[in-house]
Amino acid sequence: MNVKWAVLFGVFFFTVCNGAFTSSADILGKKKMQDVLWDIVQAEVYTKKIIQKDSTKNSAEENVKLQQQIFSKHNITKEDFYSSYQYYQQHPSEMQSILDSIVTVKRQVEIDRYMKPLKKL
């Protein structure tokens, strides 16, 4: 899936699920938000592409489990993430900076992955 579309999908999803607004002192930094948001987007894509096709699993419950794993991985709470997400929605230039960074970094990862076999030739 195109990285940019995955990120945009994630932004759309979290627009619907935004939490309470908090002060900027309580928000995740840009780098951490970038990392967490990328993992959340990947979980969303996985849920939509894989889990929904498995009739034995509830995709909403599985998505919640994946999010909890992501929050644990990054040592944050659900509230930390959603309050930070709300903050960045209220500050579009900062959110754009995060999204641009995600797209740039992930695009470079894809380029490196495809170029690695070519370098062996």
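Visitor: How do the axes of helix 2 and helix 4 cross, and within what distance do they come?

Guide: Two packed helices are described by two things, the angle between their axes and the distance between those axes. In this predicted model, the axes of helix 2 (residues 30-49) and helix 4 come within 11 Å and cross at roughly 110 degrees. Angles of 65 to 115 degrees count as roughly perpendicular, so helix 2 is roughly perpendicular to helix 4.

Visitor: Which residues of helix 2 and helix 4 meet?

Guide: From helix 2 come Lys 30, Met 33, Val 36, Leu 37 and Ile 40, and from helix 4 come Phe 81, Ser 84, Tyr 85 and Tyr 88.

Visitor: What is the overall pattern of the protein chain?

Guide: Along the sequence, the pattern reads α-α-α-α-α, with 5 helices and 0 strands. The protein chain has 121 residues, of which 35% count as buried. Take the contacts between residues at least 6 apart in sequence: 79% of these join residues at least 24 apart.

Visitor: Let me try one residue. Is Asn 63 buried or exposed?

Guide: A residue counts as buried when its relative accessible area is under 20%. Asn 63 has a relative accessible area of 8%, so Asn 63 is buried. You will find Asn 63 in helix 3 (residues 59-73).

Visitor: What is Asn 63 in contact with, leaving aside its neighbours within four places in sequence?

Guide: Asn 63 then touches Ala 43, Glu 44 and Thr 47. With Glu 44 there is also a polar contact between the side chains, at 2.5 Å.

Visitor: And Asn 75, is that one buried or exposed?

Guide: Here the cut-off for exposed is over 50%. Asn 75 reaches a relative accessible area of 68%, so Asn 75 is exposed. Asn 75 sits in the loop between helix 3 and helix 4. Look at its backbone too: Asn 75 has a positive phi of about 55 degrees, although Asn 75 is not a glycine.

Visitor: Where in the protein chain is confidence lowest, and where is it highest?

Guide: Where pLDDT is low, the predicted coordinates should not be read in detail. Confidence is lowest in helix 1 (residues 3-16), with a mean of 52, and highest in helix 4 (residues 78-90), at 96. Over residues 18-22 the pLDDT is below 50, and this stretch has 11 contacts in the model beyond near neighbours in sequence. For the protein chain, the average pLDDT is 82, and 76% of the residues score at least 70.

Technical notes
Residues are numbered from 1 along each chain as its sequence is written. This is a predicted model: local features need pLDDT of at least 70, side-chain atom pairs count only at pLDDT 80 or more; totals for chains, interfaces and linings use all residues. Side-chain values use heavy atoms; hydrogens and water are left out. pLDDT is the predictor's confidence in each residue, from 0 to 100. Helices (H or I, at least four residues) and strands (E, at least two) are DSSP runs, numbered from the N terminus. Contact means heavy atoms within 4.5 Å. Buried means under 20% relative accessible area, exposed over 50%, partly exposed in between (1.4 Å probe, protein chains only). A polar contact is a pair of N or O atoms within 3.5 Å; within protein, one must be able to donate a hydrogen and the other to accept it, and residues adjacent in sequence count only if both atoms are side-chain atoms. Axes are lines fitted to C-alpha atoms, for helices over the stretch in contact, and angles run from 0 to 180 degrees between N-to-C directions. Angles under 35 degrees count as roughly parallel, over 145 as roughly antiparallel, 65 to 115 as roughly perpendicular and the rest as oblique.
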